[in-house]
Amino acid sequence: MLLKEYEPLLRDYIAGEMDQDLAHDMNHVLRVVSTAKTLCDAEKANRSVVIPAAYLHDCFSFGKGHPQRSQSSQYAADKAITFLKTIDYPQDDLADIHHAIVAHSYSANVPPRTLEAKIVQDADRLDALGAMGIVRCIQIGSKLDRTFYSQIDPFCEDRDPDDAEFTLDHFYTKLLNLEDSMHTLSARAEARKRTEFMTQFLGQLSVELRR
């Protein structure tokens, strides 16, 4: 069976596995897949590893604040391989798919050791940047009932950021640093554009808050 014939099976499976987390929904998966395909072509990587890993990277996830949150990608990788075996996906690709899913996670802190794993990680992190990254950050903060910003010091100029309390602080604890974590040249170029947009957003927000 060709990869294009497996893809509808991957899409149907993950559509039934995603929960109601608005920032990690089926639309997130489809964006990561689309970005991963673009990076894969640019970097000449193995689509037979990248595409299933991109589809299945969030097939399992512990909730925010769960003590095993950092292990989510390991559980997801195991679950993904179990599914891929049921559709007779080529055995030779399974180990690399498993690694790519494990290594995609920010909280797992597992270094990607293959080009394909680097691409899946880059694609997932790019979705946390730019206009969509701003939207997703606000969605998550709202779901967790966090105050959007500190009235005293919204932009962490004279304090350490605390994104457990303030949503806007997440820009300073993580989002603005993601550009430096990109592995592939094509992802770095895209991350630069998206980070610049987020910086412009913060600049405009600063003007509005200080009037």
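Okay, let's start with a pair of helices. Helix 1, residues 3–17, and helix 3, residues 47–56, have axes that come within 9 Å and cross at roughly 15 degrees. Keep in mind that this is a predicted model. So how do these two helices run relative to each other? Angles under 35 degrees count as roughly parallel, and therefore helix 1 and helix 3 are roughly parallel. The crossing of helix 1 past helix 3 is right-handed.

Who makes the contact? From helix 1 we have Leu3, Glu7, Leu10, Arg11, Tyr13 and Ile14, and from helix 3 come Arg47, Ser48, Ile51, Pro52, Tyr55 and Leu56. Sort them by class and you get eight nonpolar residues, one polar and three charged.

Now stay on helix 3 and bring in helix 2, which covers residues 26–43. The axes of helix 2 and helix 3 come within 8 Å and cross at roughly 165 degrees. That angle makes helix 2 roughly antiparallel to helix 3. Again, helix 2 passes helix 3 in a right-handed crossing.

On the helix 2 side, the residues are Val29, Leu30, Val32, Val33, Ala36, Lys37, Cys40 and Asp41, and they meet Arg47, Val50, Ile51, Ala54 and Tyr55 of helix 3. And which classes turn up in this contact of helix 2 with helix 3? There are 10 nonpolar residues, three charged and no polar.

Helix 4 is residues 72–86, and its axis comes within 12 Å of the axis of helix 1, with a crossing of roughly 135 degrees. Helix 1 passes helix 4 in a right-handed crossing.

Here, Leu9, Leu10, Tyr13 and Glu17 of helix 1 touch Lys79, Phe83 and Leu84 of helix 4. By class, that's five nonpolar, two charged and no polar.

Okay, let's zoom out. The chain is divided into domain 1, residues 1–113, and domain 2, residues 129–210. How far apart are their C-alpha centres? They lie 25 Å apart. The contact between the domains takes 12 residues from domain 1 and 14 residues from domain 2. Together, domain 1 and domain 2 bury about 1,100 Å² between them, and 61% of that is on carbon and sulfur atoms.

That's my tour, thanks!

Methods
Residues numbered from 1 in each chain as written. Predicted model: local features only at pLDDT ≥ 70, side-chain atom pairs only at ≥ 80, totals over all residues. Heavy atoms only, no water. Axes fitted to C-alpha atoms, helices over the stretch in contact; angles between N-to-C directions. Helix = DSSP H or I, 4+ residues; strand = E, 2+ residues; numbered from the N terminus. Parallel < 35°, antiparallel > 145°, perpendicular 65-115°, else oblique. Left-handed = near helix turned anticlockwise from the far one by under 90°. Contact = heavy atoms within 4.5 Å. Nonpolar A, V, L, I, M, F, W, Y, C, P; charged D, E, K, R; others polar. Domains from an automatic or database assignment. Buried area = accessible area lost by both parts, 1.4 Å probe.
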